[in-house]
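These notebook entries record what I looked up, one topic at a time. I set them down for a reader who is new to the structure shown here.

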Amino acid sequence: VKMLAHTMALKNAAAGLKLGGAKSGLKANPDSKGFEKKYRRFVELSKPYLFENGGIFGGFGFDIGARPEHPIWACDELGSLNSFTGKPIDMGGTDYDVEGIAGLGVARSAYALLESLNIDQKNSSFAVQGLGAMGAAVIRYYSEYGGVLKAISDPKYDGSWYIKNGASQDLIDAIVIQDSKTIAQLLEIEGVKRSDKDQVLYEEIDILFPCAVHNVITEDNVGSIQAKYIVEGANGPSTRIAKGILFKNRQWLIPDFLANPGGIIAAYIELTSDVTIAENIKSRAKVIEAKEYTIKKIHQNILDVMKMAIDLEVEPVMIGEYLAIKRIFSI
């Protein structure tokens, strides 16, 4: 939780949002018996600290373990729709997990990274670790930018798969809508299963998107990373030492807080927008605004960071931290 809070502070500042970096967590299994009662109690205990009740914190949102029913429970306990972000559109939200707005930002980061190096994004090969909401959205949007999906991994599909000829549109569509049965069937036809569940990290591809959990790239395995570029979709997927080694090897890495603030951008819009629920249902105004802001802000941030990184020969993560902290102290 501390790691996520630190990352969130940098992420908000990098995205130009006047938000802090607080995070909270509930240690519980969302599939366990009695979870709803525990979750509702968590919301009840947090209620006095939310902004709409005079507190200093914004509200609830989605992260690891979150489910579509959670905003329904939370908003019911709060008696309000104001303090849960990522809600369905018909509740006045942006539905940022379903819309994949965070993944859109990560895909756009890769697009901007290649642009900064004068490399054509079309037909660039990529691999994704983790096929949750983030990984699925990265696959959706980077494929739309012309990328060719060559490798994926997820425990639900028995680890890593290599797709020599690139994933078909049918497979990509199944991943986007999380159709696990079709995904499994098509992987057997199009892919080759790897014996090492982490092999997706080591494939010879252009861009690696680690979108699962933290600390999957460390000083112990970084030497096996063959990707030319790494764009972090998960929070903290690579250690600081590993980042330094990748930089020395001229394998450019875009850190999480620069690549994946799309979700918090959408959350900010939900917290501050004056668009009514009726208008949001009709026009999807909040979704459109969140996507447009995400693309514009993240693209420019990556171009700015890469220009300084190249000119000064400094790791992008250090440039990003400098710019983010500078913004924090200028607010």
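Predicted model: local features only at pLDDT ≥ 70, side-chain atom pairs only at ≥ 80, totals over all residues.

**Entry 1: Salt bridges**

I began with D311, which forms a salt bridge with K307, the closest N and O atoms being 2.8 Å apart. Both D311 and K307 belong to helix 13 (residues 285-312), where they stand 4 residues apart, about one turn of the helix. I recalled the general rule here: an α-helix has 3.6 residues a turn, so residues three or four places apart point the same way. K307 counts as exposed, with a relative accessibility of 55%. I also noted a network, in which salt bridges that share partners join E36, R40, D76 and E77.

I then looked up the total, and the count comes to 14 salt bridges.

Next I turned to E321 and R240, whose side chains meet in a salt bridge at 3.1 Å, N to O. This pair links distant parts of the chain, with E321 in helix 14 (residues 316-330) and R240 in helix 9 (residues 240-248), 81 residues apart. R240 is partly exposed, at 43%.

I looked at one more pair, E203 and R194. Their salt bridge has its closest N and O atoms 2.9 Å apart. E203 is buried, with a relative accessible area of 6%, whereas R194 is partly exposed, with a relative accessible area of 26%.

**Entry 2: Cysteines**

How many disulfides does the count give? I found 0 disulfides. I checked the surroundings of two cysteines as well. C75 is buried, with a relative accessible area of 7%, and C211 is also counted as buried, at 8% relative accessibility.

**Entry 3: Helix 1 against helix 14**

I returned to helix 14, this time for its packing. Helix 1 (residues 2-14) and helix 14 pack at an angle of about 80°, and their axes are 8 Å apart. Helix 1 is therefore roughly perpendicular to helix 14, because angles of 65 to 115 degrees count as such.

Which residues meet in this contact? From helix 1 I listed A9, L10, A13 and A14, and from helix 14 E321, A324, I325, R327 and I328. By class, the contact has 7 nonpolar, no polar and 2 charged residues. I noted that E321 takes part in this contact and also in the salt bridge with R240.

**Entry 4: Helix 11**

I asked how many of the residues of helix 11 (residues 262-272) are buried. The helix is mostly covered, with 8 of its 11 residues buried. The buried residues are G262, G263, I264, I265, A266, A267, I269 and E270. I then looked up what they pack against, and found helix 1, helix 4 (96-99), helix 5 and helix 13.

**Entry 5: I302**

I went back to helix 13, in which I302 is found. I302 is buried, with a relative accessible area of 0%. Which residues does I302 touch, leaving aside those up to four places away in sequence? I found S109, A112, L113, I254 and L258.

**Entry 6: Positive phi angles**

N123 has a positive phi, near 70°. Where does N123 lie? I placed N123 in the loop between helix 5 (101-116) and strand 1 (125-129). N123 is exposed, with a relative accessible area of 62%.

R284 has a positive phi of about 55° although it is not a glycine. I found R284 in the loop between helix 12 (277-283) and helix 13. R284 is partly exposed, with a relative accessible area of 33%.

Conventions: Residues numbered from 1 in each chain as written. Heavy atoms only, no water. Disulfide = S-S within 2.5 Å. Buried < 20%, exposed > 50% of the residue type's maximum accessible area, 1.4 Å probe, protein only. Salt bridge = Lys/Arg side-chain N within 4 Å of Asp/Glu carboxyl O. Helix = DSSP H or I, 4+ residues; strand = E, 2+ residues; numbered from the N terminus. Axes fitted to C-alpha atoms, helices over the stretch in contact; angles between N-to-C directions. Parallel < 35°, antiparallel > 145°, perpendicular 65-115°, else oblique. Contact = heavy atoms within 4.5 Å. Nonpolar A, V, L, I, M, F, W, Y, C, P; charged D, E, K, R; others polar.
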